[in-house]
Amino acid sequence: MADAVLLLPGDGIGPDVIAAARRVLDTVRPGIEYSTCDVGLTAVEATGRPYPADLLDRARAADAVLFGAVGGDQDLDTAWDLRPEAALFALRQGLDLFANLRPIRSIPALADRSAVRDDLAVGVDILIVRELVGGAYFGEKGMREDGVAFDTFEYSRETVARVVRVAFELARSRRSSVTSVDKANILRTSQLWRKVAGSVAEEFPGSSLQHLLVDNAALQLLLRPRSFDVVVTENLFGDILSDSTAAIVGGLGMLPSASLGATGPGLFEPVHGSAPDIAGRGIANPFAAILSAGMLLRHGLGDHESAARVERAVDDAIESGVRTPDLGGTASTDEATDAVVRALASN
Ligand code: NAD
Ligand code: IPM
Ligand code: MN
């Protein structure tokens, strides 16, 4: 049976970068069957809701989901389930996508775009494993009449253990070094996190574990990025650390991600959002979405060879000098995608 991929382009630059990723998939792996549906503001405008009622069924019927981005100008008074981000949350929670893999790999030809010195920026290869369905994002939240708002931060032994285990398993085929990031000097959830991470580490005698407090981790990732291998952390810390660490490798336009559960389809999406400030201009950097399609090939369809070809083609395109404006160049989204497709013809 043909592989089935559900495309969810979403809002802002989402449709542009998903079209780019689709072109690359068509080149490396023809024959995938695609279906598509509106999510985010685009869906709100068309139907009054940020996603269709059968979204989860459609996702479960696919082998993988490729997601663009959702969101726009923030209207903070919109009810939660009508906000564009609700589509993303429905998928993450409904498919129980607890492990969000965010690789941060430097491309030598982009060293001049790094926010850190060239000699620190080269050879960086970090994998952030972000817990994705717990913490403050999903705990009880509310706004009380007396003007107090709250978000409950909650983790259980099991929700920590399963994501830390994924981090150690992935570390085994890398440099076997795991850094667990928490705020164990203050937060009860982090004290639990640190203990559980320590006991999971005992299942992996060939690997090392170090603990860092999140504020220090933010600093160390910039000071000595090459010394990190796998970094595992809770939902909100992982969100923030991945955006800031992106600055080492040329910014958000370069960061792909894979969100995986224990079973069922994974969701693959660039780390960036809908970028309302540049939407509609045809200048979005498509590399994060193209590399997300690469992660879809590897983790979603088990096609390691095509995934590696996609990664090499992005490296080659950049090496040939093609850069979108966020990377200091003048290439359009289409021109950057053309360069990847061209590179695929010869790799
Ligand atoms: P953003 O990631 O959309 O943009 C941050 C900055 O990075 C902007 O200056 C933008 O122009 C730039 N940028 C991002 N992606 C780029 C790309 N591919 N090429 C070139 N430049 C790029 O974050 P934001 O502005 O804080 O959020 C905008 C909206 O996106 C919000 O509604 C937010 O909720 C949503 N968002 C969605 C997702 C998602 O769908 N997964 C992720 C992050 C943010
Ligand atoms: C991300 C985004 C989302 C998050 C938003 C849009 C809810 O920033 O995927 O990194 O915070 O998880
Ligand atoms: Mn984010």
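The loop between strand 12 (266-270) and helix 10 (287-300) contains Ala 275. In this predicted model, Ala 275 has a phi near 45 degrees, a positive value in a residue other than glycine. Ala 275 counts as partly exposed because its relative accessible area is 21%, and buried would require a value under 20%.

A positive phi is also found at Ser 176, about 60 degrees, although this residue is not a glycine. Ser 176 sits in the loop between helix 6 (157-172) and strand 8.

Residues 177-182 make up strand 8, which runs parallel to strand 10 (residues 230-233) and is joined to it by 4 bridges. Within this pairing, Val 181 has Thr 233 of strand 10 as its bridge partner.

Both strands belong to an open sheet of 10 strands with mixed pairing, in the order 2-1-3-12-11-4-5-10-8-9. Its edges are formed by strand 2 (33-36) and strand 9 (208-213), each of which pairs on one side only. On average, and with direction ignored, neighbouring strands of this sheet are turned by 25 degrees against each other.

Two helices can now be placed on the sheet. Helix 1 (residues 14-28) lies across strand 1 (4-10), strand 2 and strand 3 (64-69). Relative to strand 3, helix 1 runs at about 145 degrees. Helix 8 (residues 214-223) lies across strand 5 (125-131), strand 8, strand 9 and strand 10. The angle of helix 8 to strand 9 is about 110 degrees.

Notes
Residues are numbered from 1 along each chain as its sequence is written. Chains are lettered from A and ligands numbered from 1 in the order in which they are written. This is a predicted model: local features need pLDDT of at least 70, side-chain atom pairs count only at pLDDT 80 or more; totals for chains, interfaces and linings use all residues. Side-chain values use heavy atoms; hydrogens and water are left out. Two strands pair if DSSP finds at least two bridges between them. Axes are lines fitted to C-alpha atoms, for helices over the stretch in contact, and angles run from 0 to 180 degrees between N-to-C directions. Contact means heavy atoms within 4.5 Å. Buried means under 20% relative accessible area, exposed over 50%, partly exposed in between (1.4 Å probe, protein chains only).
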